[in-house]
Structures are given as C-alpha cells and as structure tokens.
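Please read the briefing below alongside the sequence and the model. The points are grouped by topic, beginning with a term that is needed later.

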Amino acid sequence: MSVLRARLLTCAILLAACQEPADAPPEPRRDSGSPSYAPIAVFDSARAWRDLERQVGFGPRPAGSAALDATRAWLEDELRQAGLAPQREPFRAPTPRGEVDFANVYADLPASSGTASPLVILVSHFDTKRMDFPFVGANDAGSSTATLLELARGLAAAGPRAVSYRFLFVDGEEAVRPQWIDPDNRYGSKHHAAQLKARGERERVKCAIVLDMCGDRDLRFHRDAYSTDWLQELFFAAAREQGLGAHVDGARDPIADDHLSFLELGIPALDLIDFEYGPQNAYWHTHEDTLDKCSEESLARTARIVLAALPKLEARLVGGR
Ligand SMILES: [Zn+2]
C-alpha cells in the first residue's frame with residue numbers, strides 16, 4: 001500500500017466514494033424481537049503466530065514466485081483442514097516486468113439462512129513486495145495472512161452466522177515497480193472485484209474488511225481517510241469496548257490498499273492497517289520487517305477487535321438474531 005500515491009488521488013476517489021449510495025450506512029433493524037445471538041469463535045493466537053513463522057520460512061514471496069506458489073498451496077491445505085472449501089482464482093496480467101501469473105484463494109462460510117444471504121468479505125494480501133534483497137515480510141503481509149487464516153478456522157468451527165463470510169487471500173497487492181503507480185498494484189483484489197460483477201455476486205456483498213500490517217508489536221490502527229466512516233467507527237467502537245482503545249484511532253491518512261478495489265465498486269470497505277511500523281514507518285518495505293518486530297499479542301488484539309465487531313456488523317446488516 002502507499003500513502004504517497006494515495007495523496008495524488010485523494011480527491012477523485014474520495015469524491016467517488018462519497019457520491020456512491022452504497023457508502024450510506026444501512027439502517028439498523030429495530031424490529032427484531034429476539035436477543036442478539038452469534039456463535040462464539042475462538043482465536044488461537046499461538047497457532048496464528050506459528051502460521052506467521054511458517055510464511056517467513058517460505059522466504060520472499062513476490063507474485064509469480066515459487067515461494068508464493070508454496071504459500072498458496074499451504075493456505076489451501078490449511079483451509080481444507082478447517083473444513084472449508086478453498087477456491088483458487090487464477091489469472092494472468094501484464095505488469096512492468098511482463099506477464100505474470102497470479103492466483104487468489106478464497107473460501108466461503110455460508111450463513112445459517114443459506115448461500116444467497118448477505119456476504120461480508122474479510123481480506124488479506126499474501127504476496128510480499130519484490131525487492132533487490134531478501135525481503136521476508138513478517139508484518140507485510142505475513143501477519144494479516146496469519147490472522148485471517150486463524151479467524152477462518154475459528155469462525156468455521158463456531159458454525160454458520162447471520163451473514164455469509166468470505167475469507168479472501170489476494171495475490172499481487174504490492175506494486176511490481178519500487179513505487180506505487182497505477183495500475184501497477186492491487187492485482188488480486190481488482191481481479192476479485194471484477195469477478196464479483198462477472199459472477200453476479202456484487203449485490204450480495206455488503207462490505208469488505210481488509211487486514212494489513214496488523215502484527216506490529218506497537219499496534220495502533222490508522223484512521224484511513226478512504227475507509228467507509230460507519231464501518232471504521234463500528235470496528236473502532238468495538239475495540240474501545242474491548243479495552244483496546246489504545247490500539248485504534250491512530251493518525252488520519254489516505255492509505256491506498258486493497259480496500260480501494262471494493263470501494264471502486266461502491267462496496268463499503270475498511271482498511272484495518274497500522275501504517276506506522278517502526279519510527280516514521282522505518283521497518284515498512286525494508287530488511288527490518290522481521291518476526292522480532294511483530295508480536296503474537298498484536299495478532300490476538302486484532303482478532304479480538306474483529307470478533308467483537310462482527311456481531312455488531314451482522315446486526316446492522318440483517319437485524320438481531
Ligand atoms: Zn507492502
């Protein structure tokens with residue numbers, strides 16, 4: 001992701017997002033007589049940490065690499081073991097280094113009411129940025145990938161909920177060039193967004209929640225200026241209620257990330273990102289992005305925020321259950 005590139009396009013994208021009717025918050029249902037109920041999902045932070053170590057063990061994982069192929073196969077295997085049915089979404093796209101073969105992976109957890117129910121997409125990219133040194137990307141994107149995988153296990157084990165969930169691992173978030181210059185970025189999320197339209201799924205998708213750089217030992221999520229306001233506030237309020245208020249409400253910046261691919265379709269989206277990794281973001285995209293700069297506690301806190309927010313989100317989307 002990039003904040004520099006974000007500033008260049010602030011006006012255009014903010015304008016588009018503000019004018020989009022889907023940006024308006026859905027009215028919470030007030031006519032539900034039953035108390036709110038959602039299955040309790042368990043997040044095993046020790047296992048998530050091992051998943052982070054495993055990814056780092058694959059080495060640098062840029063789009064099109066054998067290491068990313070191995071990471072993808074491992075993710076699919078883990079999702080299968082969680083009782084989910086991973087779908088591979090391969091595509092080829094031109095990049096500044098020629099044609100590259102990409103492939104996203106996703107798995108759906110259908111709602112208790114069936115597969116046609118509202119769909120919420122939880123997203124992490126799983127590629128690492130191509131560098132001229134061995135960049136292992138412990139935080140970017142090992143941490144969010146590990147967190148999303150363990151969330152998928154926990155939510156799948158807890159059973160169907162009021163809405164359907166899609167656990168989406170996207171390839172090619174990182175720009176192939178050193179700089180983030182459109183259209184050289186977000187390859188996987190842009191492809192998935194296009195596929196949502198092509199498959200007729202677009203109308204089911206009520207929002208997308210992107211996790212990124214959530215493993216920082218010193219965890220504090222930014223107030224991303226592109227993210228849909230009501231969605232960001234819903235997650236940050238859940239954090240405060242969990243006693244995790246110190247980890248949200250960080251600096252406000254327009255941050256370009258995978259959520260833009262969904263916002264461009266008019267889908268409300270949130271980028272849950274800590275974009276100050278080390279002093280002045282000094283560890284970001286450098287040889288400093290290693291396991292020792294991350295912590296299991298940060299993965300656990302991120303998951304607590306997400307798991308506390310989901311029942312609120314479900315109540316907003318379909319009413320209390
Ligand atoms: Zn990155």
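A residue is called buried if 20 or more other C-beta atoms lie within 10 Å of its own, exposed if 12 or fewer do, and partly exposed in between, with the C-beta atoms placed from the backbone. The model is predicted, and for that reason local features need pLDDT of at least 70 and side-chain atom pairs count only at pLDDT 80 or more, while totals for chains, interfaces and linings use all residues. Residues are numbered from 1 along each chain as its sequence is written.

**Sheet and packing helix**

- Six strands make up an open sheet of mixed pairing, in the order E1-E2-E4-E3-E5-E8; strands here are DSSP runs of E with at least two residues, helices are runs of H or I with at least four, and both are numbered from the N terminus.
- Strand E1 (87-95) and strand E8 (269-273) are the edge strands, each pairing on one side only, where pairing requires that DSSP finds at least two bridges between two strands.
- Neighbouring strands of this sheet are turned by 20 degrees against each other on average, direction ignored, with axes taken as lines fitted to C-alpha atoms (for helices over the stretch in contact) and angles running from 0 to 180 degrees between N-to-C directions.
- E1 and strand E2 (residues 98-109) run antiparallel and are joined by nine bridges, and Gln 87 has Tyr 106 in E2 as its bridge partner.
- Helix H4 (residues 66-81) packs on the sheet, where it touches E1, E2 and strand E4 (164-170), and its direction makes about 10 degrees with that of E2; contact means that C-beta atoms, placed from the backbone, lie within 7 Å.

- Leaving aside residues up to four places away in sequence, Ala 208 touches Ile 121, Val 123, His 259, Phe 262, Ile 267 and Ala 269.

**Backbone points to check**

- The peptide bond from Asp 140 to Ala 141 is cis, with omega near 20 degrees, and Ala 141 lies in helix H5 (residues 138-158).
- Asp 182 and Pro 183 are also joined by a cis peptide bond, with omega about 0 degrees, and Pro 183 is in the loop between E4 and helix H6 (187-198).
- Met 213, although not a glycine, has a positive phi of about 55 degrees; Met 213 is buried, with 31 other C-beta atoms within 10 Å.
- His 285, likewise not a glycine, has a positive phi of about 55 degrees, and His 285 is partly exposed, with 19 other C-beta atoms within 10 Å.

Definitions and conventions:
Contact = placed C-beta atoms within 7 Å.
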